[in-house]
Amino acid sequence: MSEQTPFKQTRAYRMEVAEDKTTNPTDNQTFGDVVNQRLGRRDALKGMLAVTALSGTTGVIASVLTAESAEAAHHGATFNFKEISHGVDEKHHVADGYDADILLRWGDALFSDSPAFDPANQSRASQEKQFGYNNDYVGFIPLGEDSALLCVNHEYTNEELMFPGLGRQDKPKPEQVKKKDKDGKPDKAELLKTRFLNMTQDIADVEMAAHGGTVVEIKKTGGKWSAVIGSKYNRRITANTEMELSGPAAGSHLVKTKADPSGTKVLGTINNCAGGITPWGTYLMAEENFNGYFWNKDAAASHPNADMLKRYGAPGQWYNWGAYYDRFDVAKDPNEVHRFGWVVEVDPMDPASTPKKRTAIGRFKHEGAETIVNKDGRVAVYSGDDERGDYLYKFVTKGKYDAGNRAANMDLLDDGVLYVARFDADGTIKWLPLVHGEGPLIAANGFNSQADVLVFARKAGDALGATKMDRPEDVQPNPKTNKVYVCLTNNKHRGGKHPIDAANPREKNPFGHVIEITPTGGDHAALDGKWDILVQGGNPGKPEQGAVFNKATSENGWFGSPDNAAVDGKGRLWISTDQGSKWPKTGTADGIWALETEGELRGTGKMFFRVPIGAEMCGPCFSNDDTALFLAVQHPASDGAKAFPGFGRNSTFEDPVTRWPDFKPGTPPRPSVVVVTKKGGGAIGS
Ligand code: FEO
Ligand code: CA
Ligand code: CA
Ligand code: CA
């Protein structure tokens, strides 16, 4: 698909474009140079050869097996299911022998007084009592053998599919903008009005209520999971829920606003992408592309932290909330923007509890926040900053997890050390501490306190010389092996200040890759470890794509644009993908692939589930006994509808490419959580 300006595209597309831009201005030494010296410029440019030379564990293959011959090649596999095919259509697909049932749809009731879903008559009040839009992260907290809490993030909203009559709002043609500036160009203010035509305050209010997260009790009856409407645990968290800022940046001058001179009380959470469940059973919501919700580009240059607004891509003006609410206007409330971009911790056992934004984990575009208990009892939180050329982080708590005393763990995430990753060409990773007063993080460089370091974590990462990555998405520790898997989703171009390097070896990387980190001694608090590339996305049958998979991978087993990851109870890795509108490059809709990590089949993918046209695959989350796999189908009918054979146009509420999952005339497509179970019971994929 050709490059288009954000103005001409949907929010889903703007999200893609923004993440694939870079705001990283540094010329931090990458190890491209070191690789060049070691392997010679030519091999370094080939990238995958450099990596193969370094690791010796992944093989470059120039073909893929047919589905039939792959069956035999998979002898000794840890996964046992019949692979599904690449493809794209209006429905979802799961491997034979499994059911994939719709569990929760946008607009479904959560409370006994929730109004019925009525997309023609939406309101803030109804949406606040219903399941939100664009489900992304899914977390599972068992309550008993047949009951659990599901914690689900609602990342963003697609207005053209969500509301009747709006159509594609983001497409003003110059002639539609009547008022011109002195140069005869469309007047900027008028352009914005046209772009958000008919996007009333009522609509903004529904959007704000459709963001955030849901906590919902689910129960299993006769082997099937369903939501418990009216459960005492059920809760909606929105862009207006009262929250607390806690940890070292709370109360800083950078987070004080007119409405909150204390710098400790915040309203809401936005763009909650992936997340995590802590060992003590709290729900972590990662705030990702918060920049897009802020308003007033004209005022950005005179903002007191103009350089940092730029570094974080704010204000993006993807939503017009700032036209109605001053706090989203960077001129009227300059510090509100600093109160987003954090990891939010929610106690799902207490629906009256105040969610806490844990500032010790740093402020950036957090894709997720997965935790693991270290062997010494401390807890590590891994989190990627999802933007082209941004960094991988981990946070290690000071205190230790107490398995026998839940209350003692509730503020563990307020105290500890945040680190940013440097990947060296010899296959080692170094974790560099973001501690005020250490190294370059001193007043002379603009860091006057730990709060400054955390609020502007990207700037601290720049100063420390962290490695610029190909858009770090989910980072998944494996408690069975203590290895850590990093999904790097894509990078349309490395060059200039972002040359290729050993850990990001492709100059054009539309298909992404997965890195495996082995912490030294299995210690997640260690300052170093080893890294290796597990797979490089793309079609191994097309050598020009530079894909790296195991040679046992079939024509359906390779994938592009890894995004989320999950590890099941056996310690096996599952990867879900988000190609956005670029799915025609692989010819398949997104889905979930089982991925071997050990032994001779290491690096072999196997396709298990496929989403309907226009969706991305999020969530993957196993019940603790592996008998259920919860999958989030986000923005069905949205991405790349125009390329769908026989449709050839963009989707709208009235005219979507699929009406998944209801397929009822007049009912729009609905982002939904799907639950996969094995027919007759049993663990998934075994
Ligand atoms: Fe919300 Fe990085 O995906
Ligand atoms: Ca994601
Ligand atoms: Ca995950
Ligand atoms: Ca993504």
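Strand β22 (residues 528-536) runs antiparallel to β18, and 3 bridges join the two. Everything here comes from a predicted model, in which local features need pLDDT of at least 70, side-chain atom pairs count only at pLDDT 80 or more, and totals for chains, interfaces and linings use all residues. Residues are numbered from 1 along each chain as its sequence is written, ligands are numbered from 1 in the order in which they are written, and side-chain values use heavy atoms, with hydrogens and water left out.

A bit more on those strands. Strands (E, at least two residues) and helices (H or I, at least four) are DSSP runs numbered from the N terminus, and two strands count as paired if DSSP finds at least two bridges between them. Thr428 has Lys530 as its bridge partner in β22. With 4 residues between them, β17 and β18 make a hairpin, and Gly427 in its turn has a positive phi of about 85°.

Next, the metal. Donors are N, O and S atoms within 2.8 Å of the metal (3.2 Å for Na, K and Ca); water is not among the atoms, so sites may look incomplete. Cys273 sits in strand β10 (residues 272-277) and Asp563 in strand β23 (residues 562-567), so the pair ties together parts 290 residues apart in sequence. Both Cys273 and Asp563 are buried, meaning under 20% relative accessible area (1.4 Å probe, protein chains only). Another calcium ion (ligand 4) lies 3.6 Å from ligand 2, and Glu473 coordinates both.

Then there is the packing. A nonpolar core is a set of buried Ala, Val, Leu, Ile, Met, Phe, Trp, Tyr and Cys residues joined through side-chain atoms within 4.5 Å. The largest one has 73 residues, and Ile270, Phe294, Trp321 and Leu434 have the most contacts inside it. Helix α13 (residues 450-455) gives the most to this core, with 4 residues. Leaving aside neighbours within four places in sequence, Trp321 is in contact (heavy atoms within 4.5 Å) with residues including Met208, His211, Ile270 and Phe328. A second, separate core of 41 residues includes Phe81, Cys487, Phe608 and Trp660.

Methods
Buried < 20%, exposed > 50% of the residue type's maximum accessible area, 1.4 Å probe, protein only.
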